[in-house]
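User: I have a structure open and would like to go through it with you. Could you take my questions as they come?
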Amino acid sequence: MSIDDLFHYSLTAYLLSEIIKSTNFLRCNQIKKRDTEQILLASILLKHIQQMICNAQTISITKTNQMDDIIFDNDDDRDEITKRFASAIFPTCALMNHSCVPNIRCIFDQGYLRVYTAKPIRQGEEILNCYGPQKSLMPSIEQRQNVLLEQYFFKCQCEGCVEIIKPHVEPIANGEN
Ligand SMILES: [Zn+2]
């Protein structure tokens with residue numbers, strides 16, 4: 001995680017703790033103790049924000065949705081078919097490992113995250129989700145691996161990223177030297 005990102009997330013956690021502090025959530029009346037509680041609260045918020053980065057599911061909608069006017073609200077959105085508008089934690093979905101050629105796909109529909117198979121899955125075969133960079137949309141292995149390394153801290157070795165190394169075969173000479 002870059003220093004810029006960490007600063008951004010820390011600032012977000014602090015600002016959220018300030019909002020919570022303005023409510024009656026922190027019940028201590030002593031200012032010094034209340035500050036200690038706020039630091040603890042901000043630390044917990046920062047931990048959750050960092051967990052969300054690796055575990056949250058992006059929620060996208062298509063233009064046919066009734067919320068079109070709210071979500072696709074500016075000129076830049078005119079040509080978009082889908083738009084990301086939120087992130088949420090779905091604990092079961094967060095258990096799935098990544099593949100750049102996933103065998104499921106997730107669709108957010110009327111408040112539910114629905115998981116559909118994208119291809120036949122054999123008994124005992126691992127169910128694999130895509131964390132973002134999908135091979136069909138991002139053909140470059142290097143680009144996909146960089147995206148995953150930066151956000152999820154692993155080098156992808158899925159079937160889409162493991163290239164079949166073909167043996168180097170010298171062209172057969174004509175026999176005329
Ligand atoms: Zn991969």
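User: How many bridges join S4 to S5, and do they run parallel or antiparallel?
Analyst: Strand S4 (residues 104-109) and strand S5 (residues 112-117) run antiparallel and are joined by six bridges. Two strands are said to pair if DSSP finds at least two bridges between them, and the elements themselves are DSSP runs numbered from the N terminus, helices being H or I of at least four residues and strands E of at least two. This is a predicted model, in which local features need pLDDT of at least 70 and side-chain atom pairs count only at pLDDT 80 or more, while totals for chains, interfaces and linings use all residues. Residues are numbered from 1 along each chain as its sequence is written.

User: Which residue is the bridge partner of cysteine 106?
Analyst: The partner of cysteine 106 in S5 is valine 115, and arginine 105 stands opposite tyrosine 116, also in S5.

User: Is glutamine 110 buried or exposed?
Analyst: Glutamine 110 counts as exposed because it has 6 C-beta neighbours inside 10 Å. The cut-offs are 20 or more other C-beta atoms within 10 Å for buried, 12 or fewer for exposed, and partly exposed in between, with C-beta atoms placed from the backbone.

User: And how many residues of S5 are buried?
Analyst: The number is zero out of the six residues of S5, so the strand lies largely in the open. For the protein of 177 residues, 8% count as buried.

User: Which residues make up the largest nonpolar core, then?
Analyst: That core has five residues, namely Cys100, Cys130, Tyr131, Leu148 and Cys156. A nonpolar core here is a set of buried Ala, Val, Leu, Ile, Met, Phe, Trp, Tyr and Cys residues joined through C-beta atoms within 7 Å.

User: What does cysteine 100 touch?
Analyst: Leaving out residues up to four places away in sequence, cysteine 100 touches several residues, among them Cys130, Cys156, Cys158 and Cys161, and also including Pro133 and Arg144. Contact means that the C-beta atoms of two residues, placed from the backbone, lie within 7 Å.

User: Changing topic, how far apart are the end C-alpha atoms of H5?
Analyst: The ends of helix H5 (residues 141-152) are 16 Å apart, which agrees with the 16 Å that its 12 residues should span at 1.5 Å a residue. The expected span is 1.5 Å times one less than the number of residues in the helix.

User: What follows H5?
Analyst: Phenylalanine 153 follows H5, and its phi is positive, near 65°, although the residue is not a glycine. Phenylalanine 153 counts as exposed because it has 9 C-beta neighbours inside 10 Å.

User: Which residues is phenylalanine 154 in contact with?
Analyst: Setting aside neighbours within four places in sequence, phenylalanine 154 is in contact with Leu148 and Leu149. Phenylalanine 154 lies in the segment after H5 and counts as exposed, with 12 C-beta neighbours inside 10 Å.

User: Where is glutamine 157?
Analyst: Glutamine 157 also lies in the segment after H5, and its C-alpha atom is separated by 8.7 Å from that of glutamine 145, 12 residues apart along the chain. With 10 other C-beta atoms within 10 Å, glutamine 157 is exposed.

User: And threonine 12, which helix is that in?
Analyst: Threonine 12 lies in helix H1 (residues 3-21) and is partly exposed, with 14 other C-beta atoms within 10 Å. Threonine 12 and isoleucine 49 are 37 residues apart in sequence, yet their C-alpha atoms are 8.7 Å apart in space.

User: Last one, how many helices and strands are there?
Analyst: The protein has five helices and six strands, and along the sequence these follow the pattern α-α-β-α-β-α-β-β-β-β-α.
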